[in-house]
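Visitor: Please take a close look at one part of this model. I would like the charged contacts around the end of the chain, with every cut-off spelled out.

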Amino acid sequence: RSLAGSSMQRRPGHAIAVRGSAGANGVPLAGPSKRLQYARDQVHGVVAAGTSTRLPAVQYEPVRAAARFSARPLEVSRRQLALVAPLVSFVGRVVVDLQMGREKTYRPRRAVE
């Protein structure tokens, strides 16, 4: 693949998350997509070698994006639901904890979530 765009510099102290690693709270992270993992592997290789390369320029075309996603309303709705459902569920549990007077007791459990 051809890489074009801005120059990448090595930044000490910045880690690249990899599949199977844990977040700051010890909860396993969801694995990245194959495309994201490929990109991370490429960046990791460049950083490990201490070289720099040109990254691909990201082109954003709002009219084209609007046309693409307006033609897929069911797919967009599914994605929105997949993003919102866990958040609503978590907030609901916190609200119930507050109403039941057990928020401080359950706070460590919710922090892990």
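Guide: **The salt bridges around the chain end**

E113 and R93 join their side chains in a salt bridge, with N to O at 2.9 Å. The term stands for a side-chain nitrogen of Lys or Arg within 4 Å of a carboxyl oxygen of Asp or Glu. This pair links distant parts of the chain: R93 belongs to helix 3, E113 to the segment after helix 4, and they are 20 residues apart. Helices are DSSP runs of H or I with at least four residues, strands are E runs of at least two, and numbering goes from the N terminus.

A note on the basis. This is a predicted model: local features need pLDDT of at least 70, side-chain atom pairs count only at pLDDT 80 or more, and totals for chains, interfaces and linings use all residues. Residues are numbered from 1 along each chain as its sequence is written, and side-chain values use heavy atoms, with hydrogens and water left out.

Now the exposure of this pair. E113 counts as partly exposed because its relative accessibility is 47%. R93 is also partly exposed, at 31%. Buried means under 20% relative accessible area, exposed means over 50%, and partly exposed lies in between (1.4 Å probe, protein chains only).

E113 has another partner. R110 forms a salt bridge with E113, and the closest N and O atoms are 2.7 Å apart. R110 is in helix 4, residues 103-112. With 12% relative accessibility, R110 counts as buried. Leaving aside neighbours within four places in sequence, R110 contacts F90, R93, V94 and D97. Contact means heavy atoms within 4.5 Å.

D97 brings in R102. These two form a salt bridge, with the closest N and O atoms 3.1 Å apart. D97 counts as buried, at 2% relative accessibility. R102 is partly exposed, at 27%. Put together, R93, D97, R102, R110 and E113 are linked in a network of salt bridges. The structure holds seven salt bridges.

R102 lies over the face of Y106, at 4.8 Å from the ring centre. R109 also places its charged end over the ring of Y106, 4.6 Å from the centre. A charge sits over a ring if NZ of Lys or CZ of Arg is within 6 Å of the ring centre and within 35 degrees of the ring normal.

Back to helix 3, residues 73-100, which also holds V84. V84 counts as partly exposed, at 44% relative accessibility. L83, V84 and V88 make a nonpolar surface patch of about 270 Å². Patches take residues with over 30% relative accessible area and no salt bridge; like charges are joined within 9 Å, and nonpolar side chains (Val, Leu, Ile, Met, Phe, Trp, Tyr) within 5 Å.

Finally, the whole chain. The chain has four helices and zero strands. Of its 113 residues, 6% count as buried. Among contacts with a separation of 6 or more, 56% come from residues 24 or more positions apart. The accessible surface is about 9,500 Å², and 60% of that surface belongs to carbon and sulfur atoms. Accessible areas come from the Shrake-Rupley method with a 1.4 Å probe; for residues, only the protein chains shown count as cover.
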